[in-house]
Amino acid sequence: MATSAQLPTQVSPPEFALSPALPHQIGGAEVWAFPVVADEAGPLLGPGAEEASEALGLDLLAALEASRATGRAGEVTTVPVAALPDDGVGLVLLVGVGEGSVTDFRRAGAALARATKDRASVVTSLAAIAPDDGLGAVVVGAMLASFGFHWRSEGPKEQPVARIVLAGVSDDGADDELARAIALGGAGWRSRTLATVPSNLKNPAWLAEQAVEVGELAGLEVTVWDEERLAAEGFGGILAVGGGSVSPPRLIRMDYTPRGAGKKIPTVVLVGKGITFDSGGLDIKPAESMLTMKRDMSGGAAVIATMAALRDVDCPVRVVGLVPAAENSVSGSSMRPGDVITHVGGRTSEVNNTDAEGRLVLADAMAYAVAEVKPAAIVDVATLTGAMKVALGQWTGGYFANHEALAEHVEAAAATSGESVWRMPLVADYEEKVSSRIADGDNAAGGAGAITAALFLQHFAGDVPWAHVDFASAAEAPADRHEWTAGPSGWGPRLLLTWLGSDDPLAGIA
């Protein structure tokens, strides 16, 4: 069983405040930060910089020239203040915002947060020139670039800046945009934390406990299936995958209902792969391939974090989140190559690779959703195949869809959220690869691995509009980059919340 030790107190994201005043009019900050716009004629300083130059006796334009700054998004020029003014400002940062796109402002927010770690406060006018959704992008970038996780006896090596004041911002909708951005950034933060927790603590039961705690805070109804109930109700895939571990599997269901919902409001089902550690089973992985497998439940983390924030983004439809959670381990009771398992609803799978376990647990959850929830749409998210990383590299998730309108929603949410996706084809000619001579399907089709995995899952979606997001390509950041921090990326909640928080997330579907 997992250790009962609890995690130490974790670092917290910055607090945010809005002010109509410009930085030089606000006292009490250690750092002033100003935007720098990339321009063909040379970098241009944003609002408040001229007044700050005068107040501090600095030539900020000369500082830009001396550092050969270009104003590209995320570029930071540091200007120390030799003589501290009465308000205590000791540093000026000039932060590039590129050409001023939402992505540029997200990256600028991330750069600002990294440059001000271990500081008490910073006042910035970055958002004063931001486009629509740019204020929120600054906040999301700053929150996620501040992320840290530690389990050190002496505490974290560094702390995020405690407070960021967004100066020069009018009241016109800014409070709502700030609240929404904090929800999006907080969901990414929660997802990263869950994925980063070591597997000697994080087993299926622990993950279910986190979902229950989240549900209590977010006003969700949460139901957890233990191994006895899973067996009684025919969840053969989840039981087979989890059968080799001393930590038994779980199925987590989280229900969100919008305020004032009537009976006719449609339902979306989110399914997230919850493999709390993946050894590969009897088809065991090489040692180096197991180093990141504590985060093989990143799809489940994305669903839990999304469910926690639905009310904060005013999601207008019912949402059911399903997380099939299991530990794929090695023992005398592990599933074997050649085994045949029976899923919810009766479809059978021949297990020809025990390391293709994610699709087996997702299949059970999807079949349950179709039979019992009867949703208008299903979206599953999973770190499913190494083939997706081969296809798309490090920063882009792949997705498949059997419904054009749902595909368009995924594309639009990706473009807005900053979590990039690329649509992959459901190649019908490859169906023969997922067939089995003795069962309904084969879990180890091989060849075009991301596509055949999607084809395997498609059988469990029935006639329901369905999208499958495979983000094995984007689940692990090798190094700090823009809003990403090294380690589990927490990918997924921003995309899902952007979609589900839109005015009509089921337009063209239901």
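Val330 is partly exposed in this predicted model, with a relative accessibility of 42%. The residue lies in the loop between β12 (318–328) and β13. On the surface, Val330 forms a nonpolar patch with Leu282 and Ile284. Together these residues have about 250 Å² of accessible area.

Val330 is also one of the contacts of Gly281. Gly281 lies in the loop between β11 and α9 (298–309). The accessibility of Gly281 is 1%, so this glycine counts as buried; the cut-off for that class is under 20%. Val330, at 42%, is therefore not in the buried class but in the partly exposed one. Beyond its neighbours within four places in sequence, Gly281 is in contact with Asn328, Ser329, Val330 and Thr354. The C-alpha atoms of Gly281 and Asn353 are separated by 8.7 Å. Along the chain, these two residues are 72 residues apart.

The side chains of Asp278 and Asn328 are joined by a polar contact of 2.8 Å. Asp278 is found in strand β11, which spans residues 274–278. Its relative accessibility is 2%, and Asp278 therefore counts as buried. The Asp278 side chain also reaches the backbone nitrogen of Gly280, at 2.9 Å. Residues up to four places away in sequence aside, Asp278 touches Lys285, Met290, Met293, Asp296, Asn328, Asp355 and Glu357.

Strand β13 belongs to an open sheet of three strands. The strand order is β13-β14-β18, and the pairing is mixed. β13 (339–342) and β18 (441–442) stand at the edges. Each edge strand has a single partner, so one side of each is left without a neighbour in the sheet. Strands of a sheet pair through backbone hydrogen bonds, either parallel or antiparallel. Strand β14 comprises residues 348–351. β14 and β18 run parallel and are joined by two bridges. Within this part of the sheet, Ser349 stands opposite Gly441 of β18.

Notes:
Residues are numbered from 1 along each chain as its sequence is written. This is a predicted model: local features need pLDDT of at least 70, side-chain atom pairs count only at pLDDT 80 or more; totals for chains, interfaces and linings use all residues. Side-chain values use heavy atoms; hydrogens and water are left out. Helices (H or I, at least four residues) and strands (E, at least two) are DSSP runs, numbered from the N terminus. Buried means under 20% relative accessible area, exposed over 50%, partly exposed in between (1.4 Å probe, protein chains only). A polar contact is a pair of N or O atoms within 3.5 Å; within protein, one must be able to donate a hydrogen and the other to accept it, and residues adjacent in sequence count only if both atoms are side-chain atoms. Contact means heavy atoms within 4.5 Å. Two strands pair if DSSP finds at least two bridges between them. Patches are made of residues with over 30% relative accessible area and no salt bridge: like charges are joined within 9 Å, nonpolar side chains (Val, Leu, Ile, Met, Phe, Trp, Tyr) within 5 Å. Accessible areas come from the Shrake-Rupley method with a 1.4 Å probe; for residues, only the protein chains shown count as cover. A salt bridge is a side-chain nitrogen of Lys or Arg within 4 Å of a carboxyl oxygen of Asp or Glu.
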